[in-house]
Amino acid sequence: MTNEFMRFLITNEELNAMASVKRLVTPTNDLSFDTVYAPFGQVPSERTISPEVIGIKDPLTVQIRVAAFRVGKGEITIDEAVAMYGSFE
């Protein structure tokens, strides 16, 4: 029974539903179900980075988090964020 419950919980539909309820980004590849995060699903893969993959440590991670937040809010463009890298606090 436990295995079936875990199988149920890790379906894309359930992961998307949980993310939606908590207003979080889904761990699945489908961002289209949530109007807040849907635009992120349209960003080309060559324009995305993962701090863990490229080995960026804590102080530099702040730069990425702040830049991503401001881009996500529409305050700056991706290109502006790249140009401003290193100046975010």
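The legends below accompany close-up views of a predicted model.

Residues are numbered from 1 along each chain as its sequence is written, and side-chain values rest on heavy atoms, with hydrogens and water left out. Because this is a predicted model, local features need pLDDT of at least 70 and side-chain atom pairs count only at pLDDT 80 or more, whereas totals for chains, interfaces and linings use all residues.

**View 1**
The largest pocket holds about 930 Å³ of space, where a pocket, on a 1 Å grid over the protein atoms alone, is an open set of points at which a 1.4 Å probe fits, with protein on both sides within 12 Å along at least five of seven lines. Its volume is the space filled by probe spheres set on the points, which are joined across faces, edges and corners. The lining of the largest pocket comprises 24 residues, and those nearest its centre are Phe40, Arg47, Ala67, Ala68 and Val71; a lining residue has an atom within 4 Å of a point. By type, the lining residues divide into 17 nonpolar, three polar and four charged, with Ala, Val, Leu, Ile, Met, Phe, Trp, Tyr, Cys and Pro counted as nonpolar, Asp, Glu, Lys and Arg as charged, and the others, Gly among them, as polar. Helix H4 and helix H5 (78-84) each supply at least two residues of this lining, and H4 gives the most, with eight residues; helices are DSSP runs (H or I, at least four residues), numbered from the N terminus.

Not counting residues up to four places away in sequence, Ala67 touches Ile76, Ala81 and Phe88, a contact being heavy atoms within 4.5 Å. Ala81, placed in helix H5, is likewise buried at 9% relative accessibility, and beyond its neighbours within four places in sequence it is in contact with Ala67, Val71, Ile76 and Phe88. Between the C-alpha atoms of Ala67 and Pro44, which are 23 residues apart along the chain, the separation is 17 Å.

**View 1. Gln63 and the backbone of Gly86.**
Gln63 also belongs to helix H4, where its relative accessible area of 7% places it in the buried class. The side chain of Gln63 reaches the backbone nitrogen of Gly86 at 2.8 Å. Apart from neighbours within four places in sequence, the residues in contact with Gln63 are Met84, Tyr85, Gly86, Ser87 and Phe88. From Gln63 to Ala81, 18 residues away in sequence, the C-alpha to C-alpha distance is 9.3 Å.

**View 2. Asp34 and Arg23 in the loop between helices H2 and H3.**
Asp34 is situated in the loop between helix H2 (12-22) and helix H3 (51-54), and Arg23 is found in that loop between H2 and H3 as well. Asp34 is buried, with a relative accessible area of 3%, whereas Arg23, at 41%, is partly exposed. Their side chains make a polar contact at 3.2 Å, which denotes a pair of N or O atoms within 3.5 Å; within protein, one must be able to donate a hydrogen and the other to accept it, and residues adjacent in sequence count only if both atoms are side-chain atoms. When neighbours within four places in sequence are set aside, Asp34 is in contact with Ser20 and Arg23. The phi angle of Arg23 is near 60 degrees, a positive value in a residue other than glycine.

**View 5**
Side chains of opposite charge can pair when their charged atoms come close. The structure holds five salt bridges, each defined by a side-chain nitrogen of Lys or Arg within 4 Å of a carboxyl oxygen of Asp or Glu.

**View 3. Glu4 and Arg7 along helix H1.**
Glu4 and Arg7 both lie in helix H1 (residues 2-9), three residues apart, about one turn of the helix. Their side chains meet in a salt bridge of 2.5 Å, N to O, and Arg7 counts as partly exposed with 49% relative accessibility.

Notes: Buried < 20%, exposed > 50% of the residue type's maximum accessible area, 1.4 Å probe, protein only.
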